[in-house]
Amino acid sequence: MRARFDSAYIRSELERIGDALDEPLTVYLIGGGAMAFRDLKNTTKDIDLIVSSGEDLGHLQSILLELGYELVREPDEEYEALGAQRILENDDGCRIDIFNQQVIDKLILSSGIRERSERSLDPGNLVVALVSPEDIFLFKAVAGRVDDIEDMFSLIQTGLDFDVVEMELETQIELLDQELFVTYVNEALTDLTEQYNVTTPLGDTVAEITGHVYEELEVLQALDEPRSMTALGEELDRTVAEVQDIVSRLEGKNAIAITDGQVKRRSMTI
């Protein structure tokens, strides 16, 4: 079992980092650490930090190494899937996961996330910006770790503004230029309903986008060779009108091309 740490411990570690820094650095605290600071969670296994550049990441890493942290070179499957650019752990077993502008391939440090964040702590040369509950909820929905569904339920109890969550979801679709990551949000919301009998205003929008993504993937997978609309309909047991609707969406995403009545796959990125 991994050790867990409360807000006092996290604060002390962030203060150690701030005191050791020789130039200003801003980090965005997200995940369980941010929930602990908001009194929404007693303890967490990790301190998840987002930085704004590769230079900031390198600077933070060097300071952590000086403070006795060591790089985790072979994280387990759960951590590998999360995609932190650096994972460092101290002798107490506390891990700091550092993300450079983007978490996995599913969430980017957008201007909205920055603006909604609150300056929470500024020891020495470190500024710690606490990410909003709405943005933590979205982070938890895409992260896919063991405790995330429980954390999402706790966040809902705070009275989240789901208009903000949906607005940020739309922003992320634009920034990432794809919708595939929304399927992870849908899976998390489904688990939330199954485990806690809770639904959110986000559910219908996410389910609709997820349905479209699965339809588009189905068409792309059928295009191992160019096919006509009619042939695609027969292959997928769909009407030509249904296929035309899906193909039109894929054409708008530049994932397919239509030449001489034949539909060709250009990309699997949707």
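Helices (H or I, at least four residues) and strands (E, at least two) are DSSP runs, numbered from the N terminus. The structure is a predicted model, in which local features need pLDDT of at least 70 and side-chain atom pairs count only at pLDDT 80 or more, while totals for chains, interfaces and linings use all residues. Residues are numbered from 1 along each chain as its sequence is written, and side-chain values use heavy atoms, with hydrogens and water left out.

**View 1. Ser62 in helix H3.** Ser62 has its place in helix H3, which covers residues 54-66. Ser62 has 29% relative accessibility, so it counts as partly exposed. Leu21 is 41 residues from Ser62 along the chain, and the C-alpha atoms of the two are separated by 9.7 Å.

**View 2. The whole protein chain.** The protein chain has 12 helices and 11 strands. Its C-alpha atoms fill a box of roughly 65 × 40 × 35 Å, taken along the principal axes. Of its 270 residues, 50% count as buried. Contact means heavy atoms within 4.5 Å. Among contacts with a separation of 6 or more, 65% are between residues 24 or more positions apart.

**View 3. Helix H7 and what covers it.** Helix H7 spans residues 148-156, and its buried residues are Asp148, Ile149, Asp151, Met152, Leu155 and Ile156. Seen down the axis of H7, these buried residues fall within an arc of 160 degrees, so they line one face of the helix. The arc is that of the directions from the helix axis to the C-beta atoms. The cover over the buried residues of H7 includes helices H2 (32-37), H6 (133-143), H8 (162-176) and H9 (182-196).

**View 4. Asn186 in helix H9.** Asn186 is found in helix H9. With a relative accessible area of 19%, Asn186 is buried. Which residues does Asn186 contact, leaving aside its neighbours within four places in sequence? They are Val206, Ala207 and Thr210.

**View 5. Val185 and the largest nonpolar core.** A nonpolar core is a set of buried Ala, Val, Leu, Ile, Met, Phe, Trp, Tyr and Cys residues joined through side-chain atoms within 4.5 Å. The largest such core has 85 residues, of which Ile17, Leu60, Phe137, Val185, Leu202 and Leu232 touch the most other members. Not counting residues up to four places away in sequence, Val185 touches Leu138, Ala141, Val142, Leu169, Leu202 and Val206.

**View 6. Helix H11 and its end.** In helix H11, residues 229-236, the buried residues are Met229, Leu232, Gly233 and Leu236. They cover an arc of only 100 degrees around the axis, which puts them on the same side of H11. The buried residues of H11 pack against helix H10 (203-222), helix H12 (240-252), strand S10 (256-259) and strand S11 (262-265). Asp237 follows H11 and has a positive phi, near 55 degrees.

**View 7. Ala257 in strand S10.** Ala257 lies in strand S10. Leaving aside neighbours within four places in sequence, Ala257 is in contact with Gln262, Val263, Lys264 and Arg266. Ala257 and Ser267 are 10 residues apart in sequence, and they are 9.7 Å apart in space, C-alpha to C-alpha.

Definitions and conventions:
Buried means under 20% relative accessible area, exposed over 50%, partly exposed in between (1.4 Å probe, protein chains only).
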